[in-house]
Amino acid sequence: MSMVVVGSVAYDGVETPHGKIDRMLGGACTYIALSASFFTQPKIVAVVGEDFAQEDTDLLLSRGIDLAGLERVPGKSFFWAGKYSPDMNDRETLVTELNVFADFDPKLPDSYKSAPYLLLGNIQPGLQKSVRAQMNQPIRLVGGDTMNYWIADFRAQLLETIAEWDFLLINDSEARMLSGETNLKKAAAKIMDMGPNTLVIKRGEYGAILWRREGHFMVPGYLLEDVFDPTGAGDCFAGGFMGYLAGQGVDLKSDSVDHNEIRKAVIYGSVMGSFCCERFGVDRFRTLTRSEIDGRFEEFKEFTSF
Ligand code: AMP
């Protein structure tokens, strides 16, 4: 089943211990859609400027991504640059040029409105809410991502927004910040009281924890020999997780939901996040195949079974 994805489509400059690239395709929506495209048909809602290159459009089209909602307006595309610490667990943002993204007012094409799945990338919570409101009701599954900035400065709006979500994806420090609890178990319970019935807390290279009322499930991070560039790994996790659920038609609200499918979705999320780190930017997605993805999924089974 198809899935609408909203967020940034951008150009990034990235420096890691493995090298430096001044400008390459990036953006949270780009990573989410590329990752999800291995499981379902993503439909992008985003804005770019006149500088958005044909080869980048072609890459997205080659993965079957619907670009009817990719608006092109006068001006420059969003540009972000960051530099990673030697262990790549921290990064410093060097440049954020919002450019055409500053006036982003997402408008859903009619052809998107009855898609059953909606994934809201990390943008201002009011915009996330407005996209949700534009979808035909009822919607099978809506979820999204947020970050410390929105939690700190747009708290009331964020709470109103996630109250309507089935699924929230955040990292551990954001979960503590949102809930006001240092203990992750207590934090997860409080966040599920805010609306989402399913929560994934990412723990960087250490993996992720899936939380539902009936319990939790822990996934380790995949051990790569070389992490070239972690940019977009969280977004690829989100794309793999929701993309798999959309591909299988899973409804997280249903009483008869197959919990094994939700667990598999988290594993696919981790698999996609790990592939993303193997090359700079979106490069790994140029050659990645579904059989490589399924091979790594099987490896996860092997190194976690006992
Ligand atoms: P992640 O590594 O998952 O945080 O995602 C990195 C991507 O997010 C990069 O490709 C950036 O272009 C994009 N990005 C960085 N800052 C912002 C922002 N303020 N709003 C939207 N997207 C952003």
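This is a predicted model: local features need pLDDT of at least 70, side-chain atom pairs count only at pLDDT 80 or more; totals for chains, interfaces and linings use all residues.
With a relative accessibility of 11%, Phe280 counts as buried, the cut-off for that label being under 20%.

**Around Phe280**

Phe280 sits in the loop that links α9 to α10 (290–304). Leaving aside neighbours within four places in sequence, Phe280 is in contact with Val14, Thr16, His18, Gly19, Lys20, Ile21, Met24, Phe228 and Asp229. Val227 is 53 residues away from Phe280 along the chain, yet their C-alpha atoms are separated by 9.3 Å.

**Around Ala188**

Next comes a residue in a helix: Ala188 belongs to α7 (residues 184–193). Ala188 has a relative accessibility of 1% and therefore counts as buried. Not counting residues up to four places away in sequence, Ala188 touches Leu199, Ile201 and Trp211. His216 lies 28 residues from Ala188 in sequence, and the two are 9.7 Å apart in space, C-alpha to C-alpha.

Here are the two pairs side by side:

| Pair | Separation in sequence | C-alpha to C-alpha distance |
|---|---|---|
| Phe280 and Val227 | 53 residues | 9.3 Å |
| Ala188 and His216 | 28 residues | 9.7 Å |

**The nonpolar cores**

Now for the cores. The largest nonpolar core holds 61 residues, and the members that touch the most others are Ile44, Phe241, Met272, Phe285 and Ile293. Helix α9 (residues 259–276) gives this core its largest share, nine residues. Apart from this core lies another, of 42 residues, which includes Val4, Val6, Trp80 and Ile151.

Phe285 is worth a look of its own. Setting aside its neighbours within four places in sequence, Phe285 is in contact with Leu34, Ser35, Phe38, Arg63, Cys236, Met272 and Cys276.

**Helices α1 and α8**

Two of those partners, Ser35 and Cys236, turn up again where α1 meets α8. Helix α1 (residues 28–36) packs against helix α8 (residues 233–248) at an angle of about 40 degrees, and their axes are 7 Å apart. The two helices are therefore oblique to each other, and α1 passes α8 in a right-handed crossing. On the α1 side, the contact is made by Ala28, Tyr31, Ile32, Ser35 and Ala36; α8 supplies Asp235, Cys236, Gly239, Gly240 and Gly243. By type, the residues of this contact divide into five nonpolar, four polar and one charged.

Definitions and conventions:
Residues are numbered from 1 along each chain as its sequence is written. Side-chain values use heavy atoms; hydrogens and water are left out. Axes are lines fitted to C-alpha atoms, for helices over the stretch in contact, and angles run from 0 to 180 degrees between N-to-C directions. Helices (H or I, at least four residues) and strands (E, at least two) are DSSP runs, numbered from the N terminus. Angles under 35 degrees count as roughly parallel, over 145 as roughly antiparallel, 65 to 115 as roughly perpendicular and the rest as oblique. A crossing is left-handed if the near helix is turned anticlockwise from the far one by less than a right angle, and right-handed if clockwise. Contact means heavy atoms within 4.5 Å. Ala, Val, Leu, Ile, Met, Phe, Trp, Tyr, Cys and Pro count as nonpolar, Asp, Glu, Lys and Arg as charged, and the others, Gly among them, as polar. A nonpolar core is a set of buried Ala, Val, Leu, Ile, Met, Phe, Trp, Tyr and Cys residues joined through side-chain atoms within 4.5 Å. Buried means under 20% relative accessible area, exposed over 50%, partly exposed in between (1.4 Å probe, protein chains only).
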